[in-house]
Amino acid sequence: MKPLKILLAAPRGFCAGVDRAIQIVEEALSKWGAPVYVRHEIVHNHHVVSRLEDMGAVFVEELDECPDDRPVVFSAHGVPKAVPAAASARDMVFVDATCPLVSKVHVEAERHHKSGREIVLIGHAGHPEVIGTMGQLPDGAMTLIETVEDVSAFTPKDATNLAFVTQTTLSVDDTAEIVEALQARFPEISAPHKEDICYATTNRQEAVKVMAERADLFLVIGAETSSNSKRLVEVAVRAGSDDARLVASAENVDWDWFDGVETLGLTAGASAPEDLVQGLIAACRARYDITVEEVTLIGLLGSKRLRPINAIRDRRIPSTCERALHLCDF
Ligand code: SF4
């Protein structure tokens, strides 16, 4: 068999917010029995959603699809204020699984609004988190900016009374460019006290950056609908990987991609479970003589000081620092 080196990123995969949301659905099922309704995919991962469906969760897009007499869970991405208000009006039991790091952005936006500032939200149109964040305030209070070009086209009501917040799962580098453009055009714009892009997103992108140059091919396990997974693919290409692709699981790999590949970079988005990573490694093992090198970022969370350490291993045990990083996602 041909040799294949796999560089395995750590941290990778499930973040604390996703873990928490899944646990909330599991606990709701154990407390109230099936069915428990879940508004929107609890996390962007088909495998996770299917497992919860087997346990009795019913996924719906809108609250109107839920009966009044069954509990409903709101997803980790957050919901517009109108949603819990409608559930209360119908006297429904509901549980909010919004990630605390998304709720933090909601609180910030509200604080700026109360201070009379017009708000810019940096994010992707149509993403559930963006819909939820914009839905915290009345229509017109917040303007969505997706690109540097949008910054040039934006006409605020009062250029001296602006603030910005961001989606939590953006590309750190793309967002920095947009923020720079905003601050150049509107020097008085108020910025978040602490970056809105969450630690889980930042750390997973940093881990990809330190490995990408060594990889002939980079695979990111994650769903098409997962913003943070798609950003990891972009980061891998930008940081020097010859090729980078998003795959839902080992079954979706086209093995022609591996032609001429000696080193594979591998990571998983914040909503992808570790068994999908291990499944992909097993599929590689069936075809190649593999060596797995886990590239782990350790450092001080909350500061940008992260550094890579390498450990050669071929087994499934997250390192202590991976667990520490995971716990520190909040
Ligand atoms: Fe929370 Fe970040 Fe995970 Fe989203 S990616 S659920 S904001 S920890």
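The largest nonpolar core here has 55 residues, and Ala21, Val25, Ile42 and Val73 have the most contacts inside it. A nonpolar core means a set of buried Ala, Val, Leu, Ile, Met, Phe, Trp, Tyr and Cys residues joined through C-beta atoms within 7 Å. Buried means 20 or more other C-beta atoms within 10 Å of a residue's own, exposed means 12 or fewer, and partly exposed is in between, with C-beta atoms placed from the backbone.

Keep in mind that this is a predicted model: local features need pLDDT of at least 70 and side-chain atom pairs count only at pLDDT 80 or more, while totals for chains, interfaces and linings use all residues. Residues are numbered from 1 along each chain as its sequence is written.

- Ile42 is in contact (C-beta atoms, placed from the backbone, within 7 Å) with Ala21, Ile22, Val25, Val49, Leu52, Val73, Ser75, Ala76 and Ala97, leaving aside neighbours within four places in sequence.

**Around the ligand**
- The ligand is surrounded by 16 residues, and the closest are Cys15, Gly17, Cys99, Thr168 and Cys198; a residue is near if its C-beta atom, placed from the backbone, lies within 6 Å.
- Two or more residues of this shell come from each of α1, α4 (100–114) and α8 (199–212).
- The top contributor to the shell is α1, with 3 residues.
- By class, the shell has 10 nonpolar, 5 polar and 1 charged residues; Ala, Val, Leu, Ile, Met, Phe, Trp, Tyr, Cys and Pro count as nonpolar, Asp, Glu, Lys and Arg as charged, and the others, Gly among them, as polar.

**A look at Val105**
- Val105 sits in helix α4 and is buried, with 25 other C-beta atoms within 10 Å.
- Beyond neighbours within four places in sequence, Val105 is in contact with Thr133, Val165, Thr168 and Asp196.

**The whole fold**
- The protein has 11 helices and 13 strands, taken as DSSP runs (helices H or I, at least four residues; strands E, at least two) numbered from the N terminus.
- Its radius of gyration is 21 Å, close to the 20 Å that the globule rule gives for 330 residues, so the protein is as compact as a globular protein of that length; the radius is taken over C-alpha atoms, and the rule is 2.2 Å times the number of residues to the power 0.38.
- Of the 330 residues, 44% count as buried.

Definitions and conventions
Contact = placed C-beta atoms within 7 Å.
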